[in-house]
Amino acid sequence: MDGVMEKLSVRNARLPEHVGRQIILEGWVRTRRDSKAGFSFIELNDGSCMANIQIVADADLPNYADEIKHLAAGASVRIEGELKQSQGKGQATEVQASSVHVYGNSDPETYPLQKKRHSFEKLREWAHLRPRSNTFGAVFRVRNQVSKSIHDFFQERGFLYINTPIITASDCEGAGEMFKVTSLDLNNIPKKDGKPDFSKDFFDRPSYLTVSGQLEGEIFASALGNVYTFGPTFRAENSNTSRHLAEFWMIEPEMAFLDLQGNMQVAEDFIKRIFTDVLRECAEDMEFFNKRVDDTVLETMNKIINSDFLRVTYTEAIEILEKTDHKFDYPVSWGIDLQSEHERYLTEKHFEQPVILYDYPRSIKPFYMRCNDDGKTVCAMDVLVPNVGEIIGGSQREERLDVLVERMKEQGLDPEEYWWYLDLRKYGTIPHSGFGLGLERILQFITGMTNIRDVIPFPRTPGNADF
RNA sequence: UGCUGUGUAACUCAGUUGGUAGAGUCUUCCACUGUUAAUGGAAAGGUCGUAGGUUCGAGUCCUACCACAGCAGCCA
């Protein structure tokens, strides 16, 4: 290996075990410090980890005066040199450069990112540059790890990853305004009886972007057992909050032959697995979040991993809310849909930990949730966590054909439009359950980032689709 | 969409009862330094979100609009 230059990531180059090697590093300059003694320090980052590596560039390098001395934040470089034990404090290793090639410098007068803290709001305007900041580098490394853990968790348990459609023609998947998809000429819409004639549209009918893959997930669970989806989801609501996006990523497992209790257990194991992996694989990034963003995230995650999620019925939750002295803007009584303030009180004040509420009133939940024998409630469950609120919503699905049809009618839906969904109950129906987890919601919880727009690369919200 | 708040230099902000703008950071230059968000000194940098209005005079008061943020609803 003598004389062979090996490309290392900054992450690996920071490990003392590689000292003595001739290496190549490529990345972006974070900052440069000059010494009159005849050399410069370059802080190099390549995104492989939070920390930078220090490059020592001597003045006798051929391009020292005209290039290296002018390197500014944001410049891209290729470094060749020897990895050495650092003479200074603050890092184990550094690179004594034998060559500094500048791919492209960065004009410090106009480069937006400064060597200081920027507000997250300002960084949102620079979504093309914010991954170069410490915080967003950490956010997206953690996002990657969470995505990996999600696949690992399900794959290790034999779940099949399936891709449900992004374009759908079923208007009535449940809640939420949907984005319309069309190839009609909007300046010249074909009309029939004064209304747009969708028989002329691409799919011969109105079509939309999906708000959930659940119903299609049930099809596959009814054939292949346990499945999960992990894909983009769209809601056209005019939501302007720190926890809503028009385009977000959702994970929806659907499990055959599983009841609500089993469903809750999977949800709990699932969240714990993600947290455990993130703490192990992203230790440095999590330290950063704990230090700079929210000093409770590490303690909270550890606490959650090591404790059982509480399981509380809706009815019990209502009793708690009715007894407390806490003042709510919305009055509490059995049958109401819980407001954010109620959910937050329960998980943040009363229990001070994640809690799973289940068995909600049938009047406030969708048709597909299984009816309980009490005639009043359905097998719904919501996982509530402090600071974020609802992170998972799920249910055991109604598998009895007659009950399901009855529920559809109860909610003003036309069973004929769901003929294929009903077929699953006609031919070999099974008890089954599933839930939906918002990727961005759990990332908010893990990182402590308070605005959901800061845990997705390019947030889509009303009036905002830049980049 | 509703309520509340914010909008002053490239960035973060201050601006007192209305009298035509100030700090830190960044940048440039000088000094010093195996430094590490380096340090010390100097300079440069602003039609105070937009459009009207009140006033002798408006960053400061009023109206409308725009943008952003927080909370609420919708939910993940």
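Mentor: The largest nonpolar core here has 99 residues, and Val-146, Ile-442 and Ile-446 have the most contacts inside it. This is a predicted model, where local features need pLDDT of at least 70, side-chain atom pairs count only at pLDDT 80 or more, and totals for chains, interfaces and linings use all residues. Residues are numbered from 1 along each chain as its sequence is written, with chains lettered from A and ligands numbered from 1 in the order in which they are written.

Trainee: What makes a set of residues a nonpolar core?

Mentor: The set must be buried Ala, Val, Leu, Ile, Met, Phe, Trp, Tyr and Cys residues joined through C-beta atoms within 7 Å. Buried means 20 or more other C-beta atoms within 10 Å of the residue's own, placed from the backbone. Helix α5 (residues 260–281) gives the largest share, nine residues.

Trainee: Why does this core lie between domain 1 and domain 2?

Mentor: Both domain 1 (6–104) and domain 2 (130–176 + 211–454) give residues to it, so it lies between them. Those bounds come from an automatic or database domain assignment.

Trainee: What does Ile-442 touch?

Mentor: Leaving out residues up to four places away in sequence, Ile-442 touches Val-146, Ile-274, Ile-391 and Leu-437. Touching means that the C-beta atoms, placed from the backbone, lie within 7 Å.

Key:
A residue is buried if 20 or more other C-beta atoms lie within 10 Å of its own, exposed if 12 or fewer, and partly exposed in between; C-beta atoms are placed from the backbone. Helices (H or I, at least four residues) and strands (E, at least two) are DSSP runs, numbered from the N terminus. Two residues are in contact if their C-beta atoms, placed from the backbone, lie within 7 Å.
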